[in-house]
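Work through each task before turning to its solution.

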Amino acid sequence: MGDVLEADGLLVGYVGTPVCGEVSLGLASGEVLAVVGFNGAGKSTVVRTLAGRQDPLAGDVRVHGLPVMPDAVEFRRQVAAVFDEDVFFPSLTVREHLLLVARGHSVSSPEEAVDAELKFFGIADRAHAVPDALSSGQRRRLLLAAGFIRPSSLLFLDEPEQRLDPVMRDALSRRIQGCADAGTTVVLVTHDPRLLVQTATACLVIDETVKPVSTERGAQIIAGA
Amino acid sequence: MRLARNVVSFTRRAARQYNRARSSTRDLFVDLYSNALAGACVVMIVASLVVALRGEIAARNIGGTTLVAAHWQVVPAGIVWMLLTYLALVGVVVLARRLGPVTVGQAEGAWWLPLPVDRRPMVLPSFLRRLVAVGAVASVAYVPFSLLTALDRSPWDHANSAVIFGGASIVAVIGAAALQLTSAAGALRATILLGLIPVAVLPFLGFSMWPLILVLSLAAVLLAYVVPRVGDVRGVELQRGGAVSGHAAASIFFIDMNELRRSLVAAPSTRVSRRGSRYYGRPTRRPLTAVIRADVVAFLRLQPPPTAALVWLGLCVSITLITPALPVFLQLTVTLIAGCLVTAGTGTIARRTAVIPELDALLPVSPVLVRCSRMIMPASAMAAWMGALTGTLVVLGAGTPFLVLLGVLAGLGMGAGAARAATRPATDWTTPPVETPFGSVPRDQVSSLLRGTDMTVLSMAPLLLTLYLDTVHPWLLLAQITASITAITVQASTPSAR
């Protein structure tokens, strides 16, 4: 079993009803797990539960050997998550949002870090705009930038390719690989076979029975083959 | 801690700069002026009403005309006022718990909570501001109550009582915050509700500093317990409270009473209710029967417990038992207000279905019949409530047993009022506003707000008149039948506005 994220007999769902089969997994430092499955299979529910955003119906999840405690400071320091939550401060600009995260996570040289992320995600020219003035794709880039600007040992990404153009998807793929190379463990829900093949070291198919498959097989499942 | 403070001050500073850039001194002046004007109008109206009522109460004829036989009036007025004060404090606890009281907004939840810092500086300032606001509003709101229930007191006594009640409300809100700190809150909730009983007595102890000192000391002790721990409130709980508060505030801003009720109603139970399963499972071939069964079962499963309805029933009865007797006008007013509020409470299911009218449109049943079906359970519930109320009043010596018949008929009409209120249109903000003494209000807002209440009041009018006259005239029975049929017909024939 891995030492960063472990799940044993994890059952997830709503109102006491599981949405998919039991999940058991173990991820070591630097691994990238792609979670795939059809719409409604329960991928996001699994990842939200692993990230401590909702309580499991049964089973056990551990991060660095400790139970998931989303309100504990150390957990928040270690775990980053980018879900599809389009919520922003209406009065903060793009740059100020990223500065907030960078300073809150004690990033050294936050100004430079923000500039680098703005440049990487292609929103440097919108740095002084408020989120309401951004396009849907630009807001997605801002959320991703906020997820990557901070240090973390475990990163959850829920369909990060959503609303991104192909060029940005490729850049995102390189970024995820870079994170993994630096030792961050990544759990990635995706519907993009290319992103899966380029980044994932392991693949989990979510269905009535949850099973690990090769990344190539995962890509074929996404492509409908 | 310091890092968290920096994060908060950074966000606030940026927000201030942004807001300053978007608003002018002129806008600020206009806002201040219109709010002051509206506030002054409200104060004047309430003050004139209170003065008139004080005159009426002062001139009351003990043992004169009352709703029930005079020999039943055995409940000392002071006891009822203390009970009402206690219920108000319980209401503050329940409402504060629903709204938080320790919360973060949506954006704060998304951007602040994931940061690895102490959350106390993020939630404490807004919590303390809320406490001050609750204390001030509760004190001001208590003044009319004090003026009406204690005619012999001096202005200083009234002011003192009002401040004590404000302090007691702060205690109630801090109690609600303490409930947020624990997941097993049953015992703590019971302790808080019991602890509020002696607190509710304090405003009635006359002019003395020690009740005030006592309530402020209690608030300070509770605050000393809660303040160091506010950072420990779970993130999901902070966000839940913020979402409910935001929803409620937006509903008030848009003057949408249905939306306000939707925001404040408790979240649906996660436990699946099986109530009415056998009735629902019986075979049927007629679509209308299926619709009726769906509405009945939805009501049985989703309607909140009738606690509030029972409290209002008790209040309506106890207000008639007070000695010295209150003016009949006041007793009838309390009955009318209670009727309107309980009626609104039975519209929960209708309010929910009003949000998705497309579902009704899919049914192979006439819209008129769907609206009638949606009235069945509110009308039954209100008929039962009014039957219980009038039955009790008859036992206590009001009118004749025919009064119960009038009550049940009124309840049927009130149920129609509940369904009508649940489908009242949202405000049309696209049309030019109308100038009123309270400032500009959106066109058709008043008629929109009154929709539903109009039929409820109409349905209650013959019954209230009967109570006033203390006898059931045949023409009043006829008037009651007409009023209730009118209410039902109006609701059945009015298309949903949403």
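**Exercise 1: the area between the chains**

In this predicted model, the area buried between chain A and chain B is about 2,200 Å², and carbon and sulfur atoms give 68% of that area. Find which residues of chain A lose the most area to chain B, and state how many residues each chain brings to the contact.

*Solution.* Begin with the general idea that the size of an interface is often expressed as the accessible area lost when the parts come together. Next, look at the contact itself, to which chain A contributes 28 residues and chain B contributes 24 residues. Within chain A, the residues that lose the most area to chain B are A:Arg76, A:Phe89 and A:Leu100, which together account for 26% of what that side buries.

**Exercise 2: charges and polar pairs**

Determine how many salt bridges the rule finds across the interface of chain A and chain B, and work through the pair formed by B:Arg234 and A:Asp55.

*Solution.* The rule finds two salt bridges across this interface. For the pair of B:Arg234 and A:Asp55, the closest N and O atoms are 3.9 Å apart, and because the rule asks for a side-chain nitrogen of Lys or Arg within 4 Å of a carboxyl oxygen of Asp or Glu, this pair counts as a salt bridge. As a further step, count the polar contacts between chain A and chain B, which come to six residue pairs, both residues being at pLDDT 80 or more.

Then ask which elements of chain A give two or more residues to the side that touches chain B: they are helix H2 (73-78), helix H3 (94-104) and helix H5 (136-149). H3(A) gives the most, with seven residues. Sorted by class, the side of chain A that touches chain B holds 15 nonpolar, five polar and eight charged residues.

**Exercise 3: two domains within chain B**

*Solution.* Four residues of domain 1 and six residues of domain 2 take part in the contact. The area buried between them is about 380 Å², with carbon and sulfur atoms giving 95%. Between these domains there are zero salt bridges and zero residue pairs in polar contact, counted with both residues at pLDDT 80 or more. Finally, the side of domain 1 that touches domain 2 consists of four nonpolar residues, with no polar and no charged ones.

Notes. Residues are numbered from 1 along each chain as its sequence is written. Chains are lettered from A and ligands numbered from 1 in the order in which they are written. This is a predicted model: local features need pLDDT of at least 70, side-chain atom pairs count only at pLDDT 80 or more; totals for chains, interfaces and linings use all residues. Side-chain values use heavy atoms; hydrogens and water are left out. Contact means heavy atoms within 4.5 Å. Buried area is the accessible area (1.4 Å probe) that two parts lose on being put together, summed over both. A polar contact is a pair of N or O atoms within 3.5 Å; within protein, one must be able to donate a hydrogen and the other to accept it, and residues adjacent in sequence count only if both atoms are side-chain atoms. Helices (H or I, at least four residues) and strands (E, at least two) are DSSP runs, numbered from the N terminus. Ala, Val, Leu, Ile, Met, Phe, Trp, Tyr, Cys and Pro count as nonpolar, Asp, Glu, Lys and Arg as charged, and the others, Gly among them, as polar.
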